[in-house]
Amino acid sequence: MSNKKWTMALVGILLVFSYFLYKFMSPAMEINHLVRDMNQSSTKSEPMKHVVLIAQELDNPFWRTVEQGARASAAQRGIAIEYMGPNRINPSEQKRLLEKAIAGKPDAILLQGVKDPNYARLIDQAVNQGIPVITVDADQPDSKRLAYVGTDNLEAGRRMGELVVNHADGKGKIGVIIGSEIADNQQLRLEGFRSVISRTQGYEIVAVRASNISRIQAATQTEALLNQHADMKTMVGFSALDAAGIVEGMRAANRSDLRVFGFDDVEATVQGIANGVIAASIVQHPREIGARSIELLAAYFEGTAPPVQQFIATSMLDRNHLGSKVSS
């Protein structure tokens, strides 16, 4: 065979070998490109935001529902929620948990305002360290908090007053149970309620007692009030467990003739309305409060400043509006 033919044969063999080598190496090259692109994409994407939610009381139904709303909204936005709170209502423990949260350097903090200048200073400390704070349920307007999300508590108190005076019959003395003597939301509800009752003839608030967000304490305080004021006609509870506690206190005092008004729609209150022992309740929407708080934070992370106050409207629940809320 001539040199020319040998050369042509070698070139042909090299071309065939190169083709099969390319086919063999091509998948590996594609995988390398894919891995490189994924690494670059991972490097460019921001880490998941970390938000701490500090409840007033860890397993309180209202706060667990706030948590559910926050988690559902956060899951849609790639935000991680860390939920914490005192086992029982304890402002000192809330402050300790806030200090712990600040030390952990989260991307944001959601919390209930506490009527305490030291708590306001802790919020300011968080903000000064670049940690935005949103108050929920109760505001802390004397702090650098970014925004408040929750009920317009002054208006809710007024609405409760109108509900009481417009309800059939029952003019006379009123006893009030509030969840806390220091919580801003409770004081605002009481203030709004007083503003309506004070200008309405035939009604008088004879006593205000605190339940410390405890159904048992609400029952104890109710029984004591009924023993002191045998002519009391109406009792009002301004935190979620108060109405059910008031009903228990009435039974202990052997009274069944009072009109009872409550706050929120925990199961015991709903059942009380269904059974006719609770006249009505002003209902907050904690799931929406939690979800809206996360929405505002997500927008803030993108550069949009939220409104200073984001009120979530309340609704009214009585026997005419129970619908599917009554459990079998």
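Reader: Where is the place of Q140 in this structure?

Author: In this predicted model, Q140 lies in the loop between β4 (133-136) and β5 (147-150).

Reader: What makes Q140 count as buried?

Author: The relative accessibility of Q140 is 2%. Buried means under 20%, so Q140 counts as buried.

Reader: Which residues is Q140 in contact with, leaving aside neighbours within four places in sequence?

Author: Q140 is in contact with G113, V114, D116, Y119, A120, I123, T135 and R145. Among them, Y119 and I123 also take part in the contact of α4 with α3.

Reader: How do you know whether D137 is buried or exposed?

Author: D137 is found in the loop between β4 and β5. The relative accessible area of D137 is 5%; the limit for buried is under 20%, so D137 is buried.

Reader: What is the phi of D137?

Author: D137 has a positive phi of about 75°, although D137 is not a glycine. Most residues other than glycine have a negative phi.

Reader: Which loop holds K105, and what is the phi of K105?

Author: K105 sits in the loop between α3 and β3 (108-111). K105 is not a glycine either, and the phi of K105 is positive, about 55°.

Reader: Why is K105 called exposed?

Author: K105 has a relative accessible area of 62%. Exposed means over 50%, so K105 is exposed.

Reader: How are α3 and α4 placed, in terms of the angle and the distance between their axes?

Author: Helix α3 covers residues 91-103 and helix α4 covers residues 117-128. Their axes come within 10 Å and cross at roughly 10°.

Reader: Why are α3 and α4 called roughly parallel?

Author: Angles under 35 degrees count as roughly parallel. The crossing is at roughly 10°, and α3 and α4 are therefore roughly parallel to each other.

Reader: Which residues of α3 and α4 meet?

Author: From α3 there are Q94, K95, L98, E99 and I102, and from α4 there are Y119, L122, I123, Q125 and A126. By class, the contact of α3 with α4 divides into six nonpolar, two polar and two charged residues.

Reader: Which residues make the contact of α7 with α8?

Author: R215, A218, A219, T222, E223 and L226 in α7 meet D242, A244, G245, I246, E248, G249, M250 and A252 in α8. This contact has seven nonpolar, three polar and four charged residues.

Reader: How do you know whether D318 is buried or exposed?

Author: D318 belongs to the segment after β12 (315-317). The relative accessible area of D318 is 14%; buried means under 20%, so D318 is buried.

Reader: Which residues does D318 touch, not counting those up to four places away in sequence?

Author: D318 touches I273, A279 and A280. The C-alpha atoms of D318 and A274 are separated by 8.0 Å, with the two residues 44 apart along the chain.

Reader: How many helices and strands does the protein have, and what share of the residues is buried?

Author: The protein has ten helices and twelve strands. Of its 328 residues, 48% count as buried.

Note on methods: Residues are numbered from 1 along each chain as its sequence is written. This is a predicted model: local features need pLDDT of at least 70, side-chain atom pairs count only at pLDDT 80 or more; totals for chains, interfaces and linings use all residues. Side-chain values use heavy atoms; hydrogens and water are left out. Contact means heavy atoms within 4.5 Å. Helices (H or I, at least four residues) and strands (E, at least two) are DSSP runs, numbered from the N terminus. Ala, Val, Leu, Ile, Met, Phe, Trp, Tyr, Cys and Pro count as nonpolar, Asp, Glu, Lys and Arg as charged, and the others, Gly among them, as polar. Buried means under 20% relative accessible area, exposed over 50%, partly exposed in between (1.4 Å probe, protein chains only). Axes are lines fitted to C-alpha atoms, for helices over the stretch in contact, and angles run from 0 to 180 degrees between N-to-C directions. Angles under 35 degrees count as roughly parallel, over 145 as roughly antiparallel, 65 to 115 as roughly perpendicular and the rest as oblique.
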